[in-house]
Amino acid sequence: MAHIVVLGAGLGGTIQAYELKETVGPNDSITVISNKSYFQFTPSNPWAGVGWRKKKDLIIELEPVMRKRGIAFICDGAKKLIPQENKIILDSGKEVTYDYLVLATGPDLAFDEIEGFGPKGFTHSVCHVEHAEVSGDGWDAFCANPGPIVVGAVQGASCFGPAYEYAMTIDTDLRRRKVRDQVPMTFVTPEPYIGHLGLGGVGDTKGMLESIMRERSIRWITNAKVNRFEEGKVFVTEHDEDGKPKKEHELPFSYSMLLPAFRGIPALMGIDGLVNPRGFVIVDEFQRNPTFPNIFGIGVCIAIAPKEPTAVPTGVPKTGFMIESMVTATAHNIPLVMAGKESQKLATWNALCLADFGDGGAAFLAMPQNPPRNVNWAASGKWVHWAKLGFEWYFMRKVRKGVSEPFYERMVMKMLKVNKLKN
């Protein structure tokens with residue numbers, strides 16, 4: 001009888017617990033620990049940022065669902081992990097021991113690395129549903145007195161999709177309100193070109209997104225390093241392709257939202273052999289930590305090195321389907337390790353992404369996520385908006401039902417030849 005702990009209950013951790021329930025033995029116990037009592041559907045946060053969603057629309061209380069599935073749930077933050085003792089110390093002072101641990105913590109948001117940055121500074125955020133709801137609550141006031149907008153991501157950011165989504169969603173909402181003509185918009189990004197996405201592009205995302213941004217009169221600055229924020233201003237250094245400063249920009253704004261760089265959560269920081277200097281969890285091809293082999297890592301919290309250097313640092317995104325493939329591999333590898341066997345299952349790290357723009361959108365399929373790829377496809381159209389709405393409804397239904405992958409989802413993915421496992 002083994003005790004498996006999943007630390008984190010986001011897109012990865014919640015589904016991980018459900019899948020483990022199907023793959024481990026009936027006498028093995030699973031505990032999920034999260035500093036929030038609810039699951040939040042993060043992909044819809046850009047909609048919340050303009051008031052199209054409220055927090056209540058995007059969260060699901062987890063304890064009742066977990067209880068029905070026979071999974072213990074602890075709502076408490078992790079203060080410190082002690083892997084040498086197989087122990088987690090929680091914020092409340094409680095200690096939880098484990099036989100196997102899956103780290104699915106998500107990131108810590110590094111707003112403090114830039115002066116004046118973040119919800120406690122001069123900018124908005126859509127990283128958490130709480131941040132996004134605050135942005136949405138103030139959106140009507142901005143639209144009543146519109147001015148310049150700066151949207152994008154700062155150096156070291158790795159999740160660029162929501163920045164593009166939010167910029168386009170803002171544009172759509174402003175046009176519906178008939179005030180778009182009063183709002184100059186600038187997109188600031190460390191990417192070497194529009195549509196790089198931390199992935200070297202997918203299909204023709206460069207040409208596609210540049211075209212969409214031209215149509216929507218959104219100017220952009222790439223290879224951008226944000227130096228600091230002041231009230232109503234952001235100071236940006238644009239670099240050339242060799243990383244040398246090229247031009248200084250002082251951009252005024254009445255509203256701004258830039259995505260931060262990520263790092264590991266404080267509870268994991270500085271644990272030699274478990275995390276890299278940035279605090280991201282080191283895993284092998286089986287999602288398993290080499291130093292502490294009873295610890296696995298999935299999702300945004302794991303360390304993935306960029307595949308190509310960029311003039312200004314960019315990270316590698318961990319997209320939803322890619323995370324689900326890590327979940328499935330981990331759910332199969334842990335029972336193998338428990339039985340004294342070697343890990344065997346490899347996640348494909350395929351990426352299937354829907355970026356909604358409010359009245360259309362862009363989609364891409366990268367198999368695998370990082371180049372070189374077997375499939376490298378991108379497209380845009382109004383159908384993406386409806387597909388994103390359907391995905392929101394479907395994924396939240398899965399979480400409410402306590403199901404990871406219904407049979408019909410497996411059938412559809414098999415028909416599309418989009419797999420979660422390589423073997």
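This dialogue goes through how to read several features of a predicted model.

Visitor: What kind of model is this, and which pLDDT limits apply?

Guide: The model is predicted: local features need pLDDT of at least 70, side-chain atom pairs count only at pLDDT 80 or more, and totals for chains, interfaces and linings use all residues. Residues are numbered from 1 along each chain as its sequence is written, and side-chain values use heavy atoms, with hydrogens and water left out.

Visitor: How many helices and strands does the chain have?

Guide: Helices (H or I, at least four residues) and strands (E, at least two) are DSSP runs, numbered from the N terminus. The chain has 11 helices and 22 strands. Its radius of gyration is 21 Å, close to the 22 Å that the globule rule gives for 423 residues, so the chain is as compact as a globular protein of that length. The radius is taken over C-alpha atoms, and the rule is 2.2 Å times the number of residues to the power 0.38. Along the principal axes, the C-alpha trace spans about 65 × 45 × 40 Å.

Visitor: What percentage of the residues count as buried?

Guide: Buried means under 20% relative accessible area, exposed over 50%, and partly exposed in between (1.4 Å probe, protein chains only). Here 57% of the 423 residues count as buried.

Visitor: What share of the contacts join residues at least 24 apart?

Guide: A contact means heavy atoms within 4.5 Å. Among contacts between residues at least 6 apart in sequence, 66% join residues at least 24 apart.

Visitor: In what order do the strands of the open sheet of 5 strands stand?

Guide: Two strands pair if DSSP finds at least two bridges between them. In this sheet the order is β5-β2-β1-β9-β19, and the pairing is parallel. At the edges are β5 (72-75) and β19 (295-297), each of which pairs on one side only. From one strand to the next the twist averages 20°. Angles run from 0 to 180 degrees between N-to-C directions, and axes are lines fitted to C-alpha atoms, for helices over the stretch in contact.

Visitor: Which residues stand opposite each other around β2?

Guide: Strand β2 (residues 29-34) pairs with β5 in the parallel sense over 4 bridges, and I33 stands opposite I74 in β5. Parallel strands β1 and β2 are joined by 5 bridges, with H3 opposite S29 in β2. Of the 6 residues of β2, 5 are buried, so the strand is largely enclosed by the rest of the structure.

Visitor: Which strands does helix α9 lie across?

Guide: Helix α9 (residues 320-338) lies across β1 (3-7), β9 (100-103) and β19, and runs at about 160° to β9.

Visitor: How is the open sheet of 3 strands paired, parallel or antiparallel?

Guide: The pairing is antiparallel, in the order β6-β7-β8. Strands β6 (78-82) and β8 (95-97) stand at the edges with a single partner strand each, so one side of each is left without a neighbour in the sheet. Strand β7 (residues 87-90) is joined to β8 by 3 bridges, and I89 has E95 as its bridge partner in β8.

Visitor: Is N289 buried or exposed?

Guide: N289 counts as buried, at 1% relative accessibility. The residue is in the loop between β18 (262-263) and β19. Its side chain reaches the backbone nitrogen of T291 at 3.1 Å. Not counting residues up to four places away in sequence, N289 touches G273, L274, I282, V283 and I295.

Visitor: Which peptide bonds are cis, and which residues have a positive phi?

Guide: Most residues other than glycine have a negative phi, and most peptide bonds are trans. A cis peptide bond joins M367 and P368, with omega about -5°, and the bond from P371 to P372 is cis with omega near -5°. P368 is in the loop between β21 (361-367) and β22 (375-380), and P372 is found in the loop between β21 and β22. K178, not a glycine, has a positive phi of about 65°; K178 lies in the loop between α7 (161-176) and β12 (185-188) and counts as exposed at 69% relative accessibility. S217, not a glycine, has a positive phi of about 60°; S217 lies in the loop between α8 (205-215) and β13 (218-221) and counts as exposed at 54%.

Technical notes:
A polar contact is a pair of N or O atoms within 3.5 Å; within protein, one must be able to donate a hydrogen and the other to accept it, and residues adjacent in sequence count only if both atoms are side-chain atoms.
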